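My entries follow in the order I looked things up.

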Amino acid sequence: MSNSTKRTVLVTGATGGLGTAMCKKLYKEGFKVVGNYHTKEKADKWIEQMKSEGFDIKLFYGDVSDFDSAGEMIKKIEAEVGTIDTLVNNAGITRDGRLINMKKDDWYAVINTNLNSVFNCTKHVIQGMIDRNFGRIINISSVNGQRGQFGQTNYSAAKAGMHGFTKSLSIEVAKYGVTVNTISPGYIGTDMVMAVPEKVLNQIVAQIPIGRLGGTHEVAHLVSFLASEETSFITGANYSINGGQHVY
Ligand code: CAA
């Protein structure tokens, strides 16, 4: 089966920098793309922008940090669009700060949005993928889950946890045609990264051998590769895409 037979892909956190690039790339590759959003105002603007650029991509509301909200969203997508063949767990936030200053809410918000969301969404699609003998789960982690980063105990813990989830689930579902992989981007030119204080960001860029931030299209390309039919023997892997910032 080729992508033009319209496999359905759900991208969580679709309206963010990485999510938007992923939606566009997957759409261009022939997938039926649906996105998840959390903030209505941002979603309305996004839909309008996508339409003006020629992309027909529906967005569905869901708070992926909440199990029931994620479940309701997926039920709605399956009723209105069709069963989900590929899930890209992309939604994520930062609440940076040294542990010494970190509030309880900053810890839980990041763990719930970045890690518990992976359980909340995957749990609602995995049985269908097993039954249909095809599925792709793609978890968007971070270089800062592979190594530590000053000011990110919450984020690093969540992102490292995502790959632990990938490794275990990949073994559980391998024989059903379902692959589970992680992508660990480095510093990409999104609003999230641009929010890092300029002085700190300059120091970070100086540690990237390629000498620049990554482009969202570069991560999107890797997502579309892993979503394709041909990657059926790749599972439990963690793809680094960080300009050489962290090699090991
Ligand atoms: N290593 C060691 N010490 C450091 C340090 C580092 N990297 N950065 C700062 N320090 C030291 C400072 O020199 C300072 O020491 P003194 O008190 O002795 O002078 C002390 O730590 C406090 O520094 P700050 O005043 O900067 O601390 P702060 O609490 O105000 O700010 C911070 C801390 C908010 C974490 C800020 O450093 C920061 O924003 N860092 C960037 C974190 C980051 O990379 N986030 C990535 C966001 S994007 C993303 O997450 C996407 C992705 O996947 C890559």
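**Entry 1: helix α1.** I am working with a predicted model. I started at α1, residues 17-28. I counted twelve residues in α1. From first C-alpha to last, α1 reaches 17 Å. That is close to the 16 Å expected at 1.5 Å a residue.

Next I asked which residues of α1 are buried. I found Leu18, Gly19, Thr20, Ala21, Met22, Cys23 and Leu26. Then I stepped just past the end of α1. There Gly30 takes a positive phi of about 100 degrees.

**Entry 2: α1 against α9.** I looked up how α1 packs with α9, residues 216-227. Two packed helices are described by the angle between their axes and the distance between the axes. For α1 and α9 the angle is about 50 degrees, and the axes are 8 Å apart. The two helices are therefore oblique to each other. I noted the crossing of α1 past α9 as right-handed.

Who makes the contact? On the α1 side I listed Gly17, Leu18, Ala21, Met22, Lys25 and Leu26. On the α9 side I listed Thr216, His217, Val219, Ala220, His221, Val223, Ser224 and Ala227. Sorted by class, the contact of α1 with α9 has eight nonpolar residues, five polar and one charged. Leu18, Ala21, Met22 and Leu26 of α1 were in my buried list too, and here they meet α9.

**Entry 3: α4 against α6.** I moved on to α4, residues 104-132, and α6, residues 153-173. They pack at about 15 degrees, with axes 8 Å apart. That angle makes α4 roughly parallel to α6. I recorded a right-handed crossing here as well.

From α4 come Asp106, Trp107, Val110, Ile111, Asn114, Leu115, Val118, Phe119, Thr122, Ile126 and Ile130. From α6 come Thr153, Asn154, Tyr155, Ala157, Ala158, Lys159, Gly161, Met162, Phe165, Leu169 and Val173.

**Entry 4: Asn133.** Where does Asn133 sit? I found Asn133 in the loop between α4 and β5, the strand at 135-140. Most residues other than glycine have a negative phi. Asn133 is not a glycine, yet its phi is positive, about 60 degrees. Asn133 is partly exposed, with a relative accessible area of 48%.

Key. Residues numbered from 1 in each chain as written. Predicted model: local features only at pLDDT ≥ 70, side-chain atom pairs only at ≥ 80, totals over all residues. Heavy atoms only, no water. Axes fitted to C-alpha atoms, helices over the stretch in contact; angles between N-to-C directions. Helix = DSSP H or I, 4+ residues; strand = E, 2+ residues; numbered from the N terminus. Parallel < 35°, antiparallel > 145°, perpendicular 65-115°, else oblique. Left-handed = near helix turned anticlockwise from the far one by under 90°. Contact = heavy atoms within 4.5 Å. Expected span 1.5 Å × (residues − 1). Buried < 20%, exposed > 50% of the residue type's maximum accessible area, 1.4 Å probe, protein only. Nonpolar A, V, L, I, M, F, W, Y, C, P; charged D, E, K, R; others polar.
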